[in-house]
Number of protein chains: 2
Amino acid sequence: MNTKPAALASYSKFVLTMLLMLAIGTASGQQSDLRVDAERLHASWSKLRTIGLNDNGGSDRVAYSQYNKDALDYLSSLMLAAGLDPRIDVAGNLVGRKAGNSSVLAPIITGSHIDTVPNGGHYDGIVGSLGAIEVARTLHDAGYITDHPLEFIIWSNEEGGKTGSRSFNGSVTPDEMGLPSLGDRALGEGIEFIGGAPARLNENRREPDSVAALIELHIEQGAILDRENVSIGVVEGIVGIRRWNITVVGFANHAGTTPMNQRRDAMVAAAQLASAINRIITSEPGSQVGTVGRIEAFPGAPNVVPGKVVMSLEIRDLSMEKIGRLFARIESESEILAKQTDTVITLEQFYESPAAITDERFKRLINDVADELGLSSIHMPSGAGHDAQSLSGIAPLGMIFVPSVKGVSHAPTEFTGKQDFVNGANTLLQTIIRLDQQLR
Amino acid sequence: MNTKPAALASYSKFVLTMLLMLAIGTASGQQSDLRVDAERLHASWSKLRTIGLNDNGGSDRVAYSQYNKDALDYLSSLMLAAGLDPRIDVAGNLVGRKAGNSSVLAPIITGSHIDTVPNGGHYDGIVGSLGAIEVARTLHDAGYITDHPLEFIIWSNEEGGKTGSRSFNGSVTPDEMGLPSLGDRALGEGIEFIGGAPARLNENRREPDSVAALIELHIEQGAILDRENVSIGVVEGIVGIRRWNITVVGFANHAGTTPMNQRRDAMVAAAQLASAINRIITSEPGSQVGTVGRIEAFPGAPNVVPGKVVMSLEIRDLSMEKIGRLFARIESESEILAKQTDTVITLEQFYESPAAITDERFKRLINDVADELGLSSIHMPSGAGHDAQSLSGIAPLGMIFVPSVKGVSHAPTEFTGKQDFVNGANTLLQTIIRLDQQLR
């Protein structure tokens, strides 16, 4: 038996590895060379794409549909091949757990969603779901065991209200179970249909700081990465959102007989306020956005001076304080305009979603990993909501974006190039390996 | 028999009358003292008010309803008492003719309408209708015969499209007869219901310049007379109207992920254009009005940057040239805004109603009559449409306005004071007497 040469070879390899580790100056060894299998990843994407594919080339794999269930079955098979033990939790999330070396460390979670909007695309949620499972498979095939346990989770019903991820923070109310989903089933019925137990949702609740890290890979639904030709977006956080109804009340009058200087025209006031909103939002540096997406004039006839206009205002930013400050400026402007136009303007908030800021260490780490993989990267906020934000306060958060061509999303033409997808999965893989080491 | 003293008295009266005529410097004699019977006028208004009165205190006497028919029956009885020969013409107009001294002169027409909008008021149209019949009664009671024949006309369906008056200019198409009225009947069916003959509408057509004068008394549907405390409005004309649909096309996008400087926000462009419209319309002296009465954003959700906004534009003025010039300025502004906002803006006209200018002689005469009656007056355009405009080109036009409190119209709270109503009727009476003399 040639045990000696083998032992020698093993020893040599150890020394080489130590030298390599010193050379690249980090705590990674062989594992820093680990890469996902691009072809395997693409094959799983090609297969998943067929489940719910419609005649427009879009996906009808809405939450809690038969397509959704079939897709979860397929992903379970992938998880099994990756050495995980897939199960559907009470909220209908597909969870594959991989034990770590330590029995005391909290888990690192990664995953995304595979449900789509009706006639949606094949990348939103899918990239982070298949990317996570490919990471599991890569680690499994390499025989690499992290210290932290890993949880690979396909969250249920992201598009219809982040039901699966929100079950982790306990904000899903029993009443919601009766609400319609984007498909044919009510939420509770749908969760049951895919194997969950809606009456026991509270069992999913996780305590604050009970998760070591939550990392989500996702397509960027703007066009920033695509336009600037950058591979990786290091997400600074998921923006906070506040929405208001703005009601302008003037006096409806005959558009022929009411002289201009006698009008209390709600439309004139609303138009000036909508212009002012755009001016105020763009008057400060930063990535804040403000939108008037809906407007209606009453009574709404060409020959009647509008007595009332109702419009929506939405402001998003990573800083809730900044949102509040911008809104205060809009409110002041509305008071001035109300006086000038002899109207009454009220701004009533009807929705608020707090910002979820990502962890500074995670951002640096994702940035470093991208550098080492030779991928360009920029830091950016996520203007869209994601499952990750539901874990705010339960886990430190990290998010990795890959480009979506022209920022198209929620449409059949949504597209992320094969290499961008693979880049994202490799960044996720290496980020998890490093996190595991750094968080020990 | 004391024939001599009677003849002497008669002679004295003649001399006195001649002296009086010289004293007031006009061609009127006793007839300049003629006044309508205020109490009789008010009694007829009180009676007509009950026909179609609803629980809100408003009028449901819409065209071609049973109420409309009942009211025409009542007005026929008033016409009979005024020595007229009432008949319903082919278009459902109630026409009472009074022969003149001359068999060759063209008729002088006066009248208005008694149909209301649903839940309308008790003055719009009614003042000019009952005012005209009271003029007929006053002349009849005084035994005064004009040289011109007089036609007292209650036009049918003013509120639903001036069908009766438009039958005089031949613009009512056979197709219109199938259109719904403001009540339960289609127009043709309704005309038949009140005694007309829709298939023979063309018999109503009058040749250009075939009518000596058309004088309409009406409430002012703005608040100018009321606010300025003026009794009589000498109408300079009925404004022309042009209406456009303005379509702004940008690009619909996610309101969270689309940076402000990457947006093609149709709402921002539309808001700036609506503000510009108001600025342009008010930038020139005059009584022109411009209105954006209807607006809609697409897809119309608070979290989507609008890809399209459609809004209406209406401009009214006595001068069609001025309307065209103001529109050209708005069109230029829209081109600049389209460039600035990277949107496409189109302005498509969908309605045009030419201005109907009143006769200079008639305006002077109405002004003089008001002076002699001790009534304050101002010259003003009519921003609203009236039956009179249908006779443009067929007759020289004159219109007399009386105040409507706060300019309220088409509502149960529409109100014209009793004295203002009587002032209007007396102005109409004296205007017709003078016109008859001047136009001989």
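A salt bridge is counted here when a side-chain nitrogen of Lys or Arg lies within 4 Å of a carboxyl oxygen of Asp or Glu. By this rule, the count between chain A and chain B is zero salt bridges. The structure is a predicted model, in which local features need pLDDT of at least 70 and side-chain atom pairs count only at pLDDT 80 or more, while totals for chains, interfaces and linings use all residues. Residues are numbered from 1 along each chain as its sequence is written, chains are lettered from A and ligands numbered from 1 in the order in which they are written, and side-chain values use heavy atoms, with hydrogens and water left out.

The interface of the two chains was described by contacts and by area. Contact means heavy atoms within 4.5 Å; on this basis 46 residues of chain A are in contact with 46 residues of chain B. Buried area is the accessible area (1.4 Å probe) that two parts lose on being put together, summed over both. Between chain A and chain B this area is about 3,700 Å², of which carbon and sulfur atoms give 62%. Eight residue pairs in polar contact (both at pLDDT 80 or more) are found across the interface of chain A and chain B. A polar contact is a pair of N or O atoms within 3.5 Å; within protein, one must be able to donate a hydrogen and the other to accept it, and residues adjacent in sequence count only if both atoms are side-chain atoms.

Secondary structure follows DSSP runs, numbered from the N terminus, with helices (H or I) of at least four residues and strands (E) of at least two. On the side of chain A that touches chain B, at least two residues each are supplied by α7 (224-228), α8, β9 (289-291), β10 (295-298), β11 (304-305) and β12 (308-317) of chain A. The largest share of that side, eight residues, comes from α8(A).

Helix α8 of chain A (residues 266-281) has 16 residues and reaches 22 Å from its first C-alpha to its last, close to the 22 Å expected at 1.5 Å a residue. The expected span is 1.5 Å times one less than the number of residues in the helix. Residues are classed as buried under 20% relative accessible area, exposed over 50% and partly exposed in between (1.4 Å probe, protein chains only). Of the 16 residues of α8(A), 14 are buried, so the helix is largely enclosed by the rest of the structure. At the start of α8(A), a side-chain oxygen of A:D265 comes to within 2.8 Å of the backbone nitrogen of A:M267. In chain B, helix α8 (residues 266-281) holds B:N278, which is buried at a relative accessible area of 19%. With its neighbours within four places in sequence left aside, B:N278 is in contact with A:M260 and A:V268.

Chain A is divided into domain 1 (26-238 + 355-438) and domain 2 (240-353), with bounds that come from an automatic or database domain assignment. The centres of the two domains of chain A, taken over C-alpha atoms, are separated by 38 Å. Nine residues of domain 1 of chain A are in contact with seven residues of domain 2 of chain A. The area buried between these domains is about 540 Å², of which carbon and sulfur atoms give 58%. A:A355, A:P381 and A:G383 supply 63% of the area that domain 1 of chain A buries against domain 2 of chain A, more than any other three residues.

Over all chains, the salt-bridge count comes to 40. The side chains of A:R137 and A:D141 form one of these, at 3.6 Å, N to O. A:R137 and A:D141 are four residues apart in helix α4 (residues 126-142) of chain A and so are separated by about one helical turn. A:R137 is partly exposed at 25% relative accessible area, and A:D141 is partly exposed at 48%. A salt bridge also joins the side chains of B:D147 and B:R440 (2.7 Å, N to O). This pair links distant parts of the chain, 293 residues apart: B:D147 lies in the loop between α4 (126-142) and β4 (150-155) of chain B, and B:R440 in the segment after α11 (418-438) of chain B. B:D147 is buried at 14% relative accessible area, whereas B:R440 is exposed at 57%.
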